[in-house]
Amino acid sequence: MPAGRVVCTAEAIAESRRVAAIPLWTVPSGQNAAAARKAGDRELARRVGALRRPTLSAWASNLLVRGQPDAVAGLLRLGESLRAAHLELDPEQLRELSSQQHRLIGALARQARQLAADAGHPVSEEVQREIEVTLHAVLADPQAAQEWASGRLVKPLTPPVGFTAAAVSGAPQRAAPAPPSALSGNRGRSKHR
């Protein structure tokens, strides 16, 4: 391998920024991009320069995903069950799952906070609330769940308002009503004669 060649990839740098201890991901991506440019890899330099540093809550969420795979699977299953119960309008199941939701989200947010502290960077209650909001988004939206489960967040997720299109895709579809102009088409012409 030629001397001075950059061995890492943009993905490896991005990965280290998403899950490394705080001091590593605060290194400006410009330093890595400059090293890639110096080595003659302009494409790598461009990709590295475009990387975003994760927020503290996204970083702690990524630690949780990578450090607690069983908990991740449990939250994903709970999200599927909650979305199904909403579609079926099953009040007993909704009550039970809602209770599980509150317990699990609280426990996982506390675990993420502890993982961050163990990594040398304690987080505030505000950051813990951002993690909880992210976990609520995971339960409500299958796409958010996939994004979170990848362990590659750069910002906290926000739960959708109401149901997402993916969540209601199994619901029966009705034809949309005709627009008012199509219904009153003949009346409009008779006025202009």
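Visitor: How far should the twelve residues of helix α5 span, and how far apart are its end C-alpha atoms?

Guide: At 1.5 Å a residue, the twelve residues of helix α5, residues 56-67, should span 16 Å. In this predicted model, the end C-alpha atoms of α5 are 16 Å apart, which agrees with that expectation.

Visitor: How many of the twelve residues of α5 are buried, and which are they?

Guide: A residue counts as buried when its relative accessible area is under 20%. By that criterion α5 is mostly covered, since nine of its twelve residues are buried; among them are Trp-59, Ala-60, Leu-63 and Leu-64.

Visitor: At what angle do the axes of α5 and helix α7 cross?

Guide: Angles of 65 to 115 degrees count as roughly perpendicular. The axes of α5 and α7, the latter comprising residues 91-118, come within 8 Å and cross at roughly 100°, which makes α5 roughly perpendicular to α7.

Visitor: Which residues meet where α5 contacts α7?

Guide: An α-helix has 3.6 residues a turn, so residues three or four places apart point the same way. Here Trp-59, Ala-60, Leu-63 and Leu-64 of α5 meet Leu-108, Gln-111, Ala-112, Leu-115 and Ala-116 of α7. By class, this contact has eight nonpolar residues, one polar residue and no charged residues.

Visitor: Turning to another helix, is Gln-128 buried or exposed?

Guide: Gln-128, found in helix α8, residues 125-140, has a relative accessible area of 10% and is therefore buried. Leaving aside residues up to four places away in sequence, Gln-128 touches Ala-109, Arg-110 and Arg-113.

Notes: Residues are numbered from 1 along each chain as its sequence is written. This is a predicted model: local features need pLDDT of at least 70, side-chain atom pairs count only at pLDDT 80 or more; totals for chains, interfaces and linings use all residues. Side-chain values use heavy atoms; hydrogens and water are left out. Helices (H or I, at least four residues) and strands (E, at least two) are DSSP runs, numbered from the N terminus. Buried means under 20% relative accessible area, exposed over 50%, partly exposed in between (1.4 Å probe, protein chains only). Contact means heavy atoms within 4.5 Å. The expected span of a helix is 1.5 Å times one less than its number of residues. Axes are lines fitted to C-alpha atoms, for helices over the stretch in contact, and angles run from 0 to 180 degrees between N-to-C directions. Angles under 35 degrees count as roughly parallel, over 145 as roughly antiparallel, 65 to 115 as roughly perpendicular and the rest as oblique. Ala, Val, Leu, Ile, Met, Phe, Trp, Tyr, Cys and Pro count as nonpolar, Asp, Glu, Lys and Arg as charged, and the others, Gly among them, as polar.
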